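Here are my notes on the model, point by point. Please read them with the structure open.

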Amino acid sequence: MDFKQRLISWYSDNKRKLPWRSTKNPYFIWLSEIILQQTQVKQGLPYYEAFIKQYPTIFDLANASEQDVLKLWQGLGYYSRARNLHSTAKHIAFDLDGKFPNNYKDLLKLKGVGDYTASAIASIAFNEVAAVVDGNVYRVLSRFFGIDTPINSTAGIKEFKTLASSLIDKEQPATFNQAIMEFGATQCKPKNPYCIVCPFNDRCVALQKNLVNELPVKLKKTKVTTKYFNFLVFIDNDKNTFLEKRIGKGIWQNLYQFPLIESEKSLKVDEFQKLNTEDTILECTDFEYSLYNETDYVHKLSHQHLHTKFWIIEVDQLPQSSIPINEVKKYPVPILIGNFIDAFNFQTT
């Protein structure tokens, strides 16, 4: 029995029942693939179900406001995925009359759709022979064949794509692609894979050469930078607060946050007093303040670690652009701020 036969046989016996596997609807498959980019199934599944419930068709998603889409996405991270999702939904609904491109080449032209996602949609929804290569596939192939070419190098990306394309079952590409991804996710795991019961343990090079923990090889990541964020949480006598929209490109674009001051280090109370506040709302009002968290909340992003403090600023009155504190949960915010809002309990303050 060759590689693809063993793999598909394993998949038949071990696949998880997931809602996007019971449909050929390209909208549902596209939605699941975008949600699952850089997200595990157990985390992404509730979001998929929420999106399907709120936006059952591509037209429903296209007609939604970006703010509502970002709010529903809140907590998944990598918010550019949500913005691209919404932009692509509008393009398909309004420019393509709701009809998805039905092949890899045209799917690749969609915003937010790369090689992997285009291959997945093309094969699963339209049965095109287009091999997927994601983190799970890299891991399975590098271990089985003993390949140490870095998976995030130009040479590695080309080598693994070529290999996957040579292995795919041309009669059932959808099943093969889902099988190899499922195998990597549940059997050939990053740590402590189940090699004893693996259907490939008699042929796996990594197992034979004791290289399971060394493969796949990945080039070192970009250096992580540290930033210090001070969020100013204003509350006035009328129980209003203030949020601002992040309009610049970068992390959290178009999400909302409390007014922010960046500092060069983590601030103590006496150091906060010395901040230059000319460009903040503090200049406009008398205030009293307190520090909500003595110890920094550390929020880790792919290339940044954010050391964060929340300062509670009590003022007599805020400008008309302020909002009632019981409405803050309506706004899409980064999960860092969402967790603070839940802990601070704005609803009852």
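1. Contact here means heavy atoms within 4.5 Å. The model is a predicted one. Setting aside neighbours within four places in sequence, Phe51 is in contact with Leu31, Ile35, Pro56, Leu61, Val69, Leu72, Trp73 and Leu85.

2. Phe51 also belongs to the pairing of helix 3 with helix 5. Tyr47, Ala50, Phe51 and Gln54 of helix 3 meet Val69, Leu72 and Trp73 of helix 5. The axes of helix 3 (residues 41-54) and helix 5 (residues 66-73) lie 10 Å apart, at an angle of about 150°. Angles over 145 degrees count as roughly antiparallel, so that term applies to helix 3 and helix 5. The contact of helix 3 with helix 5 involves 6 nonpolar residues, 1 polar and no charged.

3. Now the cores. The largest nonpolar core holds 93 residues. Phe3, Tyr27, Trp30, Phe51 and Ile180 have the most contacts inside it. Helix 2 (residues 26-36) gives this core its largest share, 8 residues. A second, separate core has 11 residues, including Phe234, Phe272, Val315 and Leu318. In soluble globular proteins, nonpolar side chains tend to be buried together.

4. How many disulfides are there? The count is 0. A disulfide needs two cysteine sulfur atoms within 2.5 Å. For Cys195, the closest cysteine sulfur is that of Cys198, 6.4 Å away, so the gap is too far for a bond. For Cys204, the closest is again in Cys198, at 6.4 Å, also too far.

5. Are Cys195 and Cys204 buried or partly exposed? Cys195 is partly exposed, with a relative accessible area of 22%. Cys204 is buried, at 12%.

Methods: Residues are numbered from 1 along each chain as its sequence is written. This is a predicted model: local features need pLDDT of at least 70, side-chain atom pairs count only at pLDDT 80 or more; totals for chains, interfaces and linings use all residues. Side-chain values use heavy atoms; hydrogens and water are left out. Axes are lines fitted to C-alpha atoms, for helices over the stretch in contact, and angles run from 0 to 180 degrees between N-to-C directions. Helices (H or I, at least four residues) and strands (E, at least two) are DSSP runs, numbered from the N terminus. Angles under 35 degrees count as roughly parallel, over 145 as roughly antiparallel, 65 to 115 as roughly perpendicular and the rest as oblique. Ala, Val, Leu, Ile, Met, Phe, Trp, Tyr, Cys and Pro count as nonpolar, Asp, Glu, Lys and Arg as charged, and the others, Gly among them, as polar. A nonpolar core is a set of buried Ala, Val, Leu, Ile, Met, Phe, Trp, Tyr and Cys residues joined through side-chain atoms within 4.5 Å. Buried means under 20% relative accessible area, exposed over 50%, partly exposed in between (1.4 Å probe, protein chains only).
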